[in-house]
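User: I have a structure open here and have not looked at it before. Can you walk me through it?

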Amino acid sequence: MKLIGPLVYKIILVLFGLYVVFGALTQCASFSMTEKKLKKEFKDAPLQPQLLTYEVGGRTIGYAQIGDINKPMIVFVHGSPGSWNAYIDYFKDTALTNHVCLVSVDRPGYGNSGAGEAEPSMQAQAAMIAPILATSKAATKPVLVGHSLGGPIIARMAMDFPNSMSALVFLAPSIDPAMEKKEYYRYFLKLGAVQAIMPPEMVASNLELMPLKGELDKMIPLWQNIRVPCTIMHGKKDMLVPYGNVPFYEKMLTNVPKKEVVTFENENHFIPWTQYDVVKKKLLEYAK
């Protein structure tokens, strides 16, 4: 009988972990679509997205691009899990694509960037995504947008490549290491037998989230390197990434010319979609 308590506890942890993981999958992940489906999505659109790749650090990185490369560029970085087409509604919006060039990347471990091949290092991910910024032919530097785990990645890009972007937009970002709790179920999800039945992107998600607290700790002394205007948008009812990340943002950004906070009293984690118009307005404001 002594084993019942611990056994039940472990089962609850596993079920809770699966609930959180697959809940995230259905709510904020939209894994890369086929060429056929993409053509169908943009069948009657005046502009068609391009699916492009490049090689960096021994890996292939895939991304989508739409609009004139000579116009101001906006680069979207998705959360965990996810893919470039999490932002497909923005790609369909001519109010954006007539004025800017939109780019959305498959982060390492997702979609066309080696699905399942996780890259836990924030520094490495930032270095792998950074080459996209150099493709812009606009007079102004790109604006970076990061949702959830995409938030610390765009921050790391600004820390390591401070002269490569013009502004940062954080959407419900996971940036404060103190907010990262120990999720023991992730060790169960790391087991080989479990990984074998999980979608590759879910494997990558678990492997990059396990060391996230340590990765965020490494970034603490580097926040002073960020010197571009920043905006954070966060909901007070976010159950996946706590609103407590906002005070950290306000404290750590000490050398930026602008530090804006947009708070949604009744919003959850899915700001890129539920607050589309607010996000779009801010992007057009920055991309001038």
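Predicted model: local features only at pLDDT ≥ 70, side-chain atom pairs only at ≥ 80, totals over all residues.

User: OK. How many helices and strands are in the protein?

Analyst: The protein has 13 helices and 8 strands. Both are DSSP runs numbered from the N terminus: helices are H or I with at least four residues, strands are E with at least two.

User: And how much of the protein counts as buried?

Analyst: Of its 288 residues, 51% are buried. Buried means under 20% relative accessible area, exposed over 50%, and partly exposed in between, using a 1.4 Å probe and protein chains only.

User: What share of the contacts is between residues 24 or more positions apart?

Analyst: Such pairs make up 76% of the contacts with a separation of 6 or more. A contact means heavy atoms within 4.5 Å.

User: Switching to charges. How many salt bridges are there?

Analyst: The structure holds 12. A salt bridge here is a side-chain nitrogen of Lys or Arg within 4 Å of a carboxyl oxygen of Asp or Glu. One of them joins Glu183 and Arg186, with N to O at 2.6 Å. Glu183 is partly exposed at 33%, whereas Arg186 is buried at 7%.

User: What does Glu215 pair with?

Analyst: Glu215 forms a salt bridge with Lys218, and their closest N and O atoms are 2.9 Å apart. The two residues lie in helix 10 (residues 212-219), 3 residues apart, which is about one turn of the helix. Glu215 is buried, with a relative accessible area of 9%, but Lys218 is exposed at 53%.

User: Where do Lys258 and Glu285 sit in the chain?

Analyst: Lys258 and Glu285 form a salt bridge with the closest N and O atoms 3.2 Å apart. This pair links distant parts of the chain, 27 residues apart: Lys258 is in the loop between helix 11 (245-252) and strand 8 (259-264), and Glu285 is in helix 13 (residues 276-286). Lys258 is partly exposed at 27%, and Glu285 is partly exposed at 33%. A network of salt bridges links Lys258, Glu260, Lys282 and Glu285.

User: Now helices. At what angle do helix 5 and helix 6 cross?

Analyst: The axes of helix 5 (residues 122-129) and helix 6 (residues 150-160) cross at roughly 75 degrees and come within 8 Å. Axes are lines fitted to C-alpha atoms, for helices over the stretch in contact, with angles from 0 to 180 degrees between N-to-C directions. The two helices are therefore roughly perpendicular to each other. Angles of 65 to 115 degrees count as roughly perpendicular, under 35 as roughly parallel, over 145 as roughly antiparallel and the rest as oblique.

User: Which residues meet there?

Analyst: On helix 5 they are Met122, Gln123, Gln125, Ala126 and Ile129, and on helix 6 Pro152, Ile153, Arg156, Met157 and Asp160.

User: Last topic, the backbone. Which residues does a cis peptide bond join?

Analyst: Ser80 and Pro81, with omega at about -5 degrees. Pro81 is in the loop between strand 3 (73-77) and helix 3 (88-91).

User: What is the phi of Ala172?

Analyst: Phi of Ala172 is near 45 degrees, a positive value in a residue other than glycine. Ala172 is buried, at 0% relative accessibility.

Note on methods:
Residues numbered from 1 in each chain as written. Heavy atoms only, no water.
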